[in-house]
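Please look over the structure below. A short report on its helix packing, charge pairs and ring contacts follows.

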Amino acid sequence: MINPSEVNSLIRLLDDPDSEIYEHVHDKLLSYGVEAVSFLETAFEQAFDAVQQERIANLVHEIQFGTLKNDLKLWHQSGAFDLLQGILIINRYQYPDLDEQKIINQVEAIKRDIWIQMMHEASPKEQIKLINHVFYNIYGFSGNTSNHLDPQNSYLSQVLETKKGNQISLAIIYSIIAQKLDIPVYGVNLPQHFILAYLDESQQSEFESGILFYINAFNKGFIFGRRDVDMFLKQLNLKFDKQFYEPCSNTDIIKRVIRNLISAYENLGASDKVDEMNELLGILE
């Protein structure tokens, strides 16, 4: 347990003009980690001095970013099995105080609404048509075509709230819901686009990847075939590569989200954020 009076005394010294004292105070408060955040936030609200406010805000961010990096490292090292957990960790970068249970409940609600209407003997295409109906028609999800480079398109909480996202954020929500319903839909890391594949596990063999068809989550769950992927790659002048056709790992999906955020922040000229996103990418390499 940390000593509240000691923490508050240190916080009062954050605006000390002596750089040596400031460094010492900064490092001591940083060592307390997450436990110091609530004290720092209270002090921020009460501070009148601009220097002190800025130093408090930076310190809170430093503590929270350190925790996020640690969480991402643990997620990655433990096998990256839970995609929802991975995208929630990235969400903390912009929304560190968000109630994550609320996000989990939103995803569960969409899943439940599909499950209620699900026919037991539905074919793969019928299953996808039902998901599409609930996801796009009832919940109103759509691709954000007017502001595609907005970093908010990559934050799960915002996409669930605004019902608008980019290719990968919509595909992530779509595939998480499908997998919760035991429908084998997985992400495919296509260049300049992110799509989903419906995998028939019973058909998998050394020569047959078992993919029945592909799904474009950005275009209202449009179903298409392998030849369309061939055409798309031909337009991009790209040679055949197995990874453009087959499901990728959860780690690859989160790396792609981070790369999108790097582009978005570069576009905004937010170099600090670009540097931090590159740090997160480094953890997953």
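Is Glu 285 buried or exposed? Glu 285 is exposed, because its relative accessible area is 58%, and the cut-off for exposed is over 50%. The model is a predicted one.

## A network of charges

Glu 285 has a charged partner. Arg 259 meets Glu 285 in a salt bridge, with the closest N and O atoms 3.9 Å apart. This pair links distant parts of the chain. Arg 259 sits in helix 11, while Glu 285 sits in the segment after helix 12 (271-284). The two are 26 residues apart. Arg 259 is partly exposed, at 39% relative accessible area.

Salt bridges with shared partners join Asp 252, Lys 255, Arg 259 and Glu 285 into one network. Within it, Asp 252 forms a salt bridge with Lys 255, and the closest N and O atoms are 4.0 Å apart. Asp 252 and Lys 255 are three residues apart in helix 11 (residues 250-268), so about one helical turn separates them. What does accessibility say about Asp 252? Asp 252 counts as partly exposed, at 28% relative accessibility. Lys 255 is buried, with a relative accessible area of 12%.

## Another salt bridge

The structure holds eight salt bridges. One of them joins the side chains of Lys 111 and Glu 108, at 3.5 Å from N to O. Both residues belong to helix 6 (residues 100-117). They are three residues apart, about one turn of the helix. Glu 108 counts as partly exposed, at 24% relative accessibility.

## Helix 3 and its cover

Which residues of helix 3 are buried? In helix 3 (residues 37-46), the buried residues are Val 37, Leu 40 and Ala 43. Viewed down the axis of helix 3, the buried residues fall within an arc of 125°, so they line one face of the helix.

Glu 45 and Gln 46 are exposed, on the other side of helix 3. What covers the buried residues of helix 3? The cover includes helix 1 (4-12), helix 2 (19-32) and helix 4 (50-77).

## Aromatic pairs

How many aromatic pairs does the structure hold? The structure holds ten aromatic pairs. Among them is the pair of Tyr 95 and Tyr 155, which is edge-to-face. The ring centres are 6.0 Å apart, with 85° between the planes. Tyr 95 lies in the loop between helix 5 (83-94) and helix 6, and Tyr 155 in the loop between strand 1 (142-143) and helix 8 (156-162), so the pair ties together parts that are 60 residues apart in sequence.

Tyr 155 is buried, with a relative accessible area of 0%. Tyr 95 is partly exposed, at 21%.

Elsewhere, ring pairs build a cluster. The cluster links Phe 135, Tyr 136, Phe 141 and Tyr 174.

## Charges over rings

Arginine side chains also meet tyrosine rings. The charged end of Arg 55 sits over the ring of Tyr 22, at 3.9 Å from the ring centre. Arg 226 lies over the face of Tyr 245, and here the distance to the ring centre is 4.3 Å.

How values were computed: Residues are numbered from 1 along each chain as its sequence is written. This is a predicted model: local features need pLDDT of at least 70, side-chain atom pairs count only at pLDDT 80 or more; totals for chains, interfaces and linings use all residues. Side-chain values use heavy atoms; hydrogens and water are left out. Buried means under 20% relative accessible area, exposed over 50%, partly exposed in between (1.4 Å probe, protein chains only). Helices (H or I, at least four residues) and strands (E, at least two) are DSSP runs, numbered from the N terminus. The arc is that of the directions from the helix axis to the C-beta atoms. Contact means heavy atoms within 4.5 Å. Rings of Phe, Tyr and Trp (its six-membered ring) pair if their centres lie within 6.5 Å; planes under 30 degrees apart count as stacked, over 60 as edge-to-face and the rest as tilted. A charge sits over a ring if NZ of Lys or CZ of Arg is within 6 Å of the ring centre and within 35 degrees of the ring normal.
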